Amino acid sequence: MKKFYITTPIYYVNDKPHIGHAYTTVAADVIARYHKLKEEKVFFLTGADEHGTKVAESAKKQGENPQEFCNEMSQRFKDTWKKLNISNNDFIRTTSKRHIKGVEKFLKELKRKGLIYKGEYKGLYCIGCEKFITEKELVDGKCPIHQKRPEVISEKNYFFKLSKYLDKVQKLIQNDEIEILPKERKNETLGLIKQGLEDFSISREKVKWGIKIPWDDQQTVYVWIDALLNYITALDYGDNQKKFKKFWPADSPAVLQLLGKDILKFHTIYWPALLLALNIKPPKKLFVHGYFTISGRKMSKSLGNIITPEEMIEKFGVDGTRYLLMSAARFGQDADVSWDWFKEKYNADLANGIGNTVNRVLTMVEKYFNGIIPEDKPIPMTLMKKTLGQPLKVKSKDTKLGLKDSIKKNILTSWSVLDNLFHFDICLGQIIEGFRENFRQIDKDISDEEPWNPRADMTQKVFYSWLESIRLLAFMLLPFMPETSNKIFKQLGIPGEEKETLAKAQKWGRLKPGARIKKGKPLFPRIK
Ligand code: MSP
């Protein structure tokens, strides 16, 4: 069985989750579900980044001790992921014992290999980014992301000998052994390496909220080193390493890490270097996605324009929210959204595209076939009147039905973009187009000719094709909108279809003639 390990960044718990966090998490969920449907052994990890100054300050503002604060906030992230139907296999917290044990083991190993030395750090630090920042990066003396003046820091720190591994990281990236997608991000990374990077500090003297350096309790592990290691501590790196050996093998063919463009350097340079230092293979693939902005502006507390997943779920439902997030932009590029855009897109694609089509087909099956799924073959004229309560004539020319062919060709191939390019918007666009085509096909198929129309014997076959293409389309929606697919399967009288594998489900003709459909409530009520 093929193995597949997928991760999201672990999110800072200084504040509640917003749609930026949900974006990465839903994307990872779609990919994880897709690989499960391909019968792979999937491990999907997300989690919480709980240490560091930023989190400690938020706790203080709330008048809570940091651990209590983190417990509450981590739970909020977990709750949100549950509401969004995220299928993660694990949720790692950096304050958990297993994580701390793993971090300690990793650092001791680095030290044992002589890759850590004590030095003096003097420079600027942005608490928002939780990273050192150079004069060059400032705009008007402020961090361009957080619009705050950085702190001036001067202290003794432990440093990691990054310089020893930079050439190797560069080569691995150049020849795509570490594949960075989209390509612009690969180039950006290579550009950063070319500019030259200094050894980086892995500890802080003045930060108290964090993991202590195992051999020096006056120093706290730098929050970014602490955080990056989550990707292997969650695989029990610090313990029996069973999962680590399974999902991070030496020839790991399928480790995919998703991240936003803000944290590129840590993931594409520092993280591989740290792993190489301990002779651990670096990740195979990193996908760097863009940022959400709201009506052209950064999403931020001070602008008061933060959108939470909960607010979206209330308006558009869980699957509506998942759909809107995944179709907002080409994955990899920035997405500018607004409540108006969400609403229009929801009405056009979900209420009209999917909802109307399913409703129309099922209503007609009720009307003409008493809610029974007809057979996938022409019906002898003599039987026709008896079977079809109120005969409806179709004008399909022959048994080669348009829908069957186009659905098989276009829709089933659309999933393939989930293998490499992760163009969720294209894939979804094709599925929605399939529903629309189904709707149009009904108009094409229905005849206004008289009952003696010679093609009337095709009626039940045509009906079957409308229904069967809806089943296939619903299957294609599974990674994106699992609840909607399940609802459609139930309405088609085949509950449990979602448990089938792609190999089986993609075959034409799985609907059972004679089974009863169960029309339900509208899938996506129109929003005024
Ligand atoms: N804790 C670090 C990551 C450590 S991973 C070893 C961190 N956390 S964060 O809470 O700031 O979340 C960062 C991630 O959230 C981004 O990389 C991105 O995946 C997602 N997003 C946060 N804001 C976002 C947008 N406005 N738009 C899209 N995604 C964004 O950095």
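## Strand partners

In β6, the residue that pairs with G123 through a bridge is I153. Two strands are said to pair if DSSP finds at least two bridges between them. Helices (H or I, at least four residues) and strands (E, at least two) are DSSP runs, numbered from the N terminus.

Strand β4 also has β5 (residues 131–133) as an antiparallel partner, with three bridges between them. Here C126 stands opposite K131. The hairpin of β4 and β5 has four residues between its strands, and E130 takes a positive phi near 55 degrees there. While you look at these strands, remember that in a regular strand the side chains alternate between the two faces of the sheet.

## The model as a whole

Before going further, note that this is a predicted model, in which local features need pLDDT of at least 70 and side-chain atom pairs count only at pLDDT 80 or more, while totals for chains, interfaces and linings use all residues. Residues are numbered from 1 along each chain as its sequence is written, and side-chain values use heavy atoms, with hydrogens and water left out.

Now step back and look at the whole protein chain. Its secondary structure comes to 18 helices and 16 strands. Along the principal axes, its C-alpha atoms fill a box of roughly 95 × 45 × 40 Å. The chain has 528 residues, and 57% of them count as buried. Buried means under 20% relative accessible area, exposed means over 50%, and partly exposed lies in between (1.4 Å probe, protein chains only).

## A three-stranded sheet

Another place to look is an open sheet of three strands, in the order β15-β14-β16, with mixed pairing. Its edge strands are β15 and β16 (335–337), each of which pairs on one side only. Strand β14 (residues 292–294) and β15 run antiparallel, joined by two bridges. In one of these bridges, I294 has R297 of β15 as its partner.

## Around the ligand

How many residues surround the ligand? There are 23, and the closest are I10, T24, D49, G260 and F292. By type, the shell divides into twelve nonpolar, nine polar and two charged residues. In this grouping, Ala, Val, Leu, Ile, Met, Phe, Trp, Tyr, Cys and Pro are nonpolar, Asp, Glu, Lys and Arg are charged, and the others, Gly among them, are polar. The largest share of the shell, four residues, comes from β1.

A polar side-chain atom of D262 lies 3.1 Å from an oxygen atom of the ligand. A backbone N or O atom of G20 is 3.3 Å from a ligand nitrogen atom, and a polar side-chain atom of Y291 is 3.4 Å from a nitrogen atom of the ligand. Taken alone, the ligand exposes 670 Å², and the protein buries 94% of that; such areas come from the Shrake-Rupley method with a 1.4 Å probe. The elements that give two or more residues to the shell are β1 (3–12), α1 (19–37), α7 (223–228) and α8 (230–233).

## Salt bridges

The structure holds 29 salt bridges. A salt bridge is a side-chain nitrogen of Lys or Arg within 4 Å of a carboxyl oxygen of Asp or Glu. One of them joins D15 and K301, whose closest N and O atoms are 3.1 Å apart. D15 lies in the loop between β1 and α1, and K301 in the loop between β15 (297–298) and α11 (309–327), so the pair ties together parts that are 286 residues apart in sequence. D15 is partly exposed, at 23% relative accessibility, whereas K301 is exposed, at 63%.

What about R33 and D29? Their closest N and O atoms are 2.9 Å apart in a salt bridge. Because they are four residues apart in helix α1, about one helical turn separates them. Both R33 and D29 are buried. The side chains of K101 and D239 also meet in a salt bridge (3.7 Å, N to O). This pair links distant parts of the chain, 138 residues apart: K101 is in helix α4 (residues 97–112) and D239 in the loop between α8 and α9 (242–247). K101 is partly exposed at 44% relative accessibility, and D239 is exposed at 52%.

Methods:
Near = heavy atom within 4 Å. Polar contact = N/O pair within 3.5 Å; in protein donor to acceptor, adjacent residues only side chain to side chain.
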